[in-house]
Amino acid sequence: MAENVKVKNAKKVEYDGVKFDSALEVFTYKQLKLLGVEFQYAVEVFEILPALLIEKSIVIHPNDSGADTKTLKQRFKIQKKTYKPDFTFQWKDYFIILENKGFGNGDWISKRKLFLYYLENAWEMDLKPIFFETQ
């Protein structure tokens, strides 16, 4: 399979009829199966930043062509940002989130911060999350 561009040095692997993003994910899958844990792989999607429409601020940024000229916009749209963890399951009263990152890229660092902020608020919704990140 092709190299995974989301995570440095990760290669996609197929195992047990499932396509994984890395060998580390396959290892975690096997361990969870061995333990008899009922889990979901890459199913849950969390909206960690809603779509935004910036209307009151003036935004100046490089134009889409990549040229040095700047574009002035009165209305600026920001797409929502979502996060799909590798594995999720319920354990007692807790919602377990497992993320397998070998060497995460720059996008992962900001996404993790937003997700951890999301989880802080999840306690108010009685989700009781526990987040694990493996390497």
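This is a predicted model: local features need pLDDT of at least 70, side-chain atom pairs count only at pLDDT 80 or more; totals for chains, interfaces and linings use all residues.
Strands of a sheet pair through backbone hydrogen bonds, either parallel or antiparallel. Local features are reported at pLDDT of at least 70 and side-chain atom pairs only at pLDDT 80 or more, whereas totals for chains, interfaces and linings use all residues. Residues are numbered from 1 along each chain as its sequence is written, and side-chain values use heavy atoms, with hydrogens and water left out.

Within the sheet, strands E6 and E13 pair in the antiparallel sense over two bridges, and the bridge partner of Tyr-41 in E13 is Phe-87. Strand E13 (residues 87–91) is joined by five bridges to strand E14 (residues 94–100), and these two strands also run antiparallel. Across this pairing, Phe-89 stands opposite Ile-96 in E14, while Gln-90 has Phe-95 in E14 as its bridge partner. The hairpin of E13 and E14 has two residues between the strands, and in this hairpin Lys-92 takes a positive phi near 55°.

Helix H1 comprises the 13 residues 23–35, which at 1.5 Å a residue should span 18 Å, and its end C-alpha atoms, 19 Å apart, agree with this value; the expected span is 1.5 Å times one less than the number of residues. The buried residues of H1 are Glu-25, Val-26, Thr-28, Tyr-29 and Leu-32, where buried means under 20% relative accessible area, exposed over 50% and partly exposed in between (1.4 Å probe, protein chains only). Seen down the axis of H1, these buried residues fall within an arc of 160°, so they line one face of the helix; the arc is that of the directions from the helix axis to the C-beta atoms. On the other side of H1, Ala-23, Leu-34 and Leu-35 are exposed. The buried residues pack against strand E4 (13–15), strand E5 (18–20), E6, E13 and E14, contact meaning heavy atoms within 4.5 Å. After H1 comes Gly-36, whose phi is positive, near 75°.

Apart from its neighbours within four places in sequence, Lys-111 is in contact with Ile-48, Lys-81, Thr-82 and Tyr-83. The C-alpha atoms of Lys-111 and Thr-82 are separated by 8.3 Å, although the two residues are 29 apart along the chain.

Aromatic rings were also examined: those of Phe, Tyr and Trp (its six-membered ring) pair if their centres lie within 6.5 Å, with planes under 30 degrees apart counted as stacked, over 60 as edge-to-face and the rest as tilted. By this rule the count comes to 14 aromatic pairs. In one of them, Phe-115 and Phe-131 are edge-to-face, at 5.6 Å centre to centre and with 65° between the planes. This pair links distant parts of the chain, with Phe-115 in helix H2 and Phe-131 in strand E16, 16 residues apart. Phe-115 is buried, with a relative accessible area of 0%.

Technical notes: Two strands pair if DSSP finds at least two bridges between them. Helices (H or I, at least four residues) and strands (E, at least two) are DSSP runs, numbered from the N terminus.
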